[in-house]
Amino acid sequence: MTSWGVLQFPGSCDERDALHACSLAGEARLVWHEERDLNGLDAIVVPGGFSYGDYLRAGAIARFSPAMEAVAEFAGGGGPVLGICNGFQVLCESGLLPGALLQNEGIRFLCRQVDLVATGADSVFLHDIEEGETLSVPVKHQSGRFYAPPEQLDELRERGQVALRYAPGQNPNGSVDDIAGVVNEAGNVLGLMPHPEHAVDSLTGSTDGLALFRSLAGVAA
Amino acid sequence: MSGSAQGSPALTGDVSPHRELGLTDDEYTRICDLIEREPNGVELAMFSLLWSEHCAYKHSRKLLRRLPTEGERVVMGPGENAGAVDVGDGYAVAFKVESHNHPSAVEPFQGAATGVGGILRDVFALGARPIAVLDSLRFGEVESERTRFLLEGAVGGIGHYGNSIGVPTVGGEIYFEEPYEQNCLVNAMCVGIAKADDMVRAAAAGIGNAVVLMGAATGRDGIGGASVLASAELDSADEGKRPTVQIGDPFEESKVLECCLELLKKGLLVSLQDLGAAGLTSSAAESASAGGVGIDVDVAKVPLREADMEPFEIMVSESQERMLGIVEPGKVTAVREVCAKWQTGSAEIGVVTDSGRFRILRDGEPVGDIPLEALVDGCPLYDLEPAAPADWIYGNSKTLGGGESPDELLLSLLSSGNIASKRWAFEQYDSIVGSRTVRGPEGAEAAVLALPETGRAIAVSIDGNGRRVACDPHAGAIEAVLECVQNLACVGAEPLGLTNCLNFGNPERPAQAWQLDTAIGGLAEACEKLGIPVVGGNVSLYNEGGDGPIYPTSVIGLVGDVPDPEVAPGNTFEAAGEAIAIVGPIRPELAGSELTKQRGELGMGLPAADLDAVAESCLAVREAARSGVLSSARDISDGGAACALAEAAMGGIGATVDIAPLLERCGGNAEATLFGEGCGGFILSGPHETLTGLASGGVEVLIVGETGGQRVEIAAGEASLSVPITEAASAWRSLGARIDA
């Protein structure tokens, strides 16, 4: 059974929702931002929210937390790390993922259900999702516009690191090439702006997000 | 003791200090009598705030006694930080609605943000985790530049605070009416959940217990907010009031929230109270007064943002994100450790005494000493001098030229700010965090929130059409309650408890006094008759701009029980070929309607509601919704049956309807049948036999047509309308573009 750790910073918002989603695909516990010991954990989620208030720049402070230092080491050793929304921002700030997340084109915060299209990228979180498959998942963010300079962007596309795109016409933030999520070169670190943890129960939305959490269980088994 | 050394509020010196602080000469004399001397500057500042309308409810308290407050499911009623009702399995749901009108009219972003922050604190002060926010907003007409400035700011502020703290905003309403042009309304409601046994009251207890101030440091922001802003009319000099608006920090509140919930879970607090209007003065005085004890506070121990603050400033500061805990001496260290874990401040600033007095010290030296009874209960309560106005006291502006066809009227109504989709606003709110949102904004007539704790759910609705209360304060106030009850019925919810925010004009003027007095009478009658307890609320008076009072706006927040959220119906047609019924005793009339507004023909009077018949139809709809047999359910409200049918088609499935039977009820007036308003009407869709079956209990059921097609087609005798869904939808979805224009 996969043992998940969900980071909790002061200012995290979606950590309990992520904990619940993980518990549907294994066992899960919260990891306090001052903890460094990730022993016994098979996978880490860096959840959504406003870590440390996000006053400087989204994710810019959290990258210096003791828990994130441990996560960087964990990821370096091939450990699976999933960054959602603010977690994606934190992973970009940490250098674990390429690119940056800028303010939405429309400037305002936006909460909306969108369709994502899988690119078939190779990642431990995406094994259960076919290339071209569509997932209905909500977004809710103000700084979710993925950006990478043209050269880096070409590299990402060549290496298959673009993991998820917004379906045509549904890009909520103006991200380059409709990018919603990217993976690192090794495929063990995935960051995305949409919230798969809010798409795990038909009562409160879709169940399309479950695949990301269950993929890992399949890999482990 | 002499006041001179302790600092005094900065006054112009043109008039007596007490008058400048908003106290009348008689009130000042009464203070002197009660404390048997003249108050010093610190004491006067404290009295001026606690004796303000905002804190003392001096023009409304007597009227509020008419509201029913008891019920089997009530866990906490008025007088606590928020009300709470039993939702089964040992859990309670706490909720309250509160206004932040005047701060928002001065600085909409921070005004609205701190309105949300304040109502969240009221709820977690009980030990309940906030699980939802709803808001009720009123502005001038959409075309006004000021409206767009206020709307943009207020919606941004609500989103900023709620999104950042991780509490979903799941519903709300916005009305645009000329009388709110100067004086907008921002009412925020919070709902929280707690184990009933773990909830804590606000009353201080235990002589010798420590008074611990937690959260943010105290600064000069918001000084005098309660008396200066909330208890006087707005005028052109409002720019100068900007410093009295508080600044919100949702990150700080998020830490304080988690910290307080952990403290309560660990049993480390005797009581907990938030610091809102009138800051430390109100918080400490009300807590001590409720517990029948005394309290000493040393201002030198209060962590400050600015070093040179005077004692009176510290006592009245409305800095946000602060909580006051009463702690047994042996547990103070443990409390401070939890605060440190959450990286939030804590300081032991005083002690609970048996003196019955509120003593203010600075480094142990007394700078103020007031009997608590005088401060909290001494304020005179006033009787109103109501007099019904002879005629409509508001303006009438005409936006329809006359001669429009029913098709054109429908499109005009659907695009009006009051009826059009509020997607522009609610997409700026995180409506899903917490994973409880079964039905969110515009997804059903009421928000539905799952309670995995009990396996059930709650439904929440907030509503209050001020224009209709202006037309008839009694009938309008009843309608506001019925609207919420109908909203809840549509998702299968039984009302458990009600909170209200009464936004009215200057109660010292006869017409406004009459509106307040009459509306509270209507509210009391509706709650009494329907057996719904009022568990808390808020009164906001003096809502007037230079052009006169706002529409009297009684905003109702209602919480109800949903046994099975899986079957809660949405509010748009689900499938083609199903029957459509108009259910309930509605007798639509044009009086007070959106159409009458657009024609510039508003005047006094609304049809009276048959409360028993409405209650009966609500019960029938609720049971049908609960049994899972309805495909969709919505109530007939703004814009009448035609708009309700068109909105039900916004999911892409049209309708062909003949409302001749309703026309008969309306005495043959086709326009009233199509666009008239009134309470007690539902539009339901589902299997034919299911809908006809609703009539068995004596409920009026009119099968009027069938779902399907790409148009909304309605025949009403000789009049008829037929509009493609796409055209109706583009009118209904036009608000965002008009705001951003």
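**Figure 1. Packing of helices α10 and α13 in chain B of the predicted model**. Helix α10 (residues 250-265) of chain B packs against helix α13 (residues 332-341) of chain B at an angle of about 145 degrees, and their axes are 9 Å apart. Axes are lines fitted to C-alpha atoms, for helices over the stretch in contact, and angles run from 0 to 180 degrees between N-to-C directions. Helices (H or I, at least four residues) and strands (E, at least two) are DSSP runs, numbered from the N terminus. The crossing of α10(B) with α13(B) is right-handed; a crossing is left-handed if the near helix is turned anticlockwise from the far one by less than a right angle, and right-handed if clockwise. From α10(B), the residues B:Cys259, B:Glu262 and B:Leu263 meet B:Val335, B:Val338 and B:Cys339 of α13(B). Two residues are in contact if their C-beta atoms, placed from the backbone, lie within 7 Å. By class, this contact of α10(B) with α13(B) has 5 nonpolar, no polar and 1 charged residues, where Ala, Val, Leu, Ile, Met, Phe, Trp, Tyr, Cys and Pro count as nonpolar, Asp, Glu, Lys and Arg as charged, and the others, Gly among them, as polar. Residues are numbered from 1 along each chain as its sequence is written, while chains are lettered from A and ligands numbered from 1 in the order in which they are written. In this predicted model, local features need pLDDT of at least 70 and side-chain atom pairs count only at pLDDT 80 or more, whereas totals for chains, interfaces and linings use all residues.

**Figure 2. Helices α18 and α21 of chain B**. The axes of helix α18 (residues 473-490) of chain B and α21(B) come within 7 Å and cross at roughly 25 degrees. The two helices α18(B) and α21(B) are therefore roughly parallel; angles under 35 degrees count as roughly parallel, over 145 as roughly antiparallel, 65 to 115 as roughly perpendicular and the rest as oblique. On the α18(B) side the contact is made by B:Leu482, B:Val485, B:Gln486, B:Ala489 and B:Cys490, which meet B:Val614, B:Cys618, B:Val621, B:Arg622 and B:Ala625 in α21(B). The residues of this contact divide into 8 nonpolar, 1 polar and 1 charged.

**Figure 3. The seven-stranded open sheet of chain B and helices packed on it**. The 7 strands follow the order β23-β25-β22-β26-β24-β27-β28 (chain B), with mixed pairing. Two strands pair if DSSP finds at least two bridges between them. The edge strands, β23 (632-635) and β28 (719-724) of chain B, each pair on one side only. From one strand to the next, the twist averages 15 degrees. Strand β24 (residues 655-658) of chain B runs antiparallel to strand β26 (residues 701-707) of chain B, and 3 bridges join them; B:Ala655 has B:Thr707 as its bridge partner in β26(B). Helix α21 (residues 611-626) of chain B lies across β22 (579-583), β23 and β25 (682-686) of chain B, at about 30 degrees to β25(B). Helix α26 (residues 725-732) of chain B also packs on the sheet, where it touches β27 (711-716) and β28 of chain B, and its direction makes about 85 degrees with that of β28(B).

**Figure 4. Strand β11 of chain B with partners β7 and β9**. Strand β7 (residues 210-215) of chain B pairs with strand β11 (residues 345-353) of chain B in the antiparallel sense over 6 bridges. Strand β9 (residues 294-298) of chain B is also antiparallel to β11(B), with 4 bridges. B:Val351 of β11(B) is the bridge partner of B:Ala210 and stands opposite B:Asp296.

Figure 5. Strand β4 (residues 81-84) of chain A and strand β11 (residues 189-192) of chain A run parallel and are joined by 4 bridges; A:Val81 stands opposite A:Val189, and A:Gly83 opposite A:Gly191. Strand β10 (residues 179-183) of chain A pairs with β11(A) in the antiparallel sense over 3 bridges, and A:Val182 has A:Gly191 as its bridge partner. Both faces of β11(A) are covered, with A:Val189 and A:Gly191 buried on one side and A:Leu190 and A:Leu192 on the other; a residue is buried if 20 or more other C-beta atoms lie within 10 Å of its own, exposed if 12 or fewer, and partly exposed in between, with C-beta atoms placed from the backbone.
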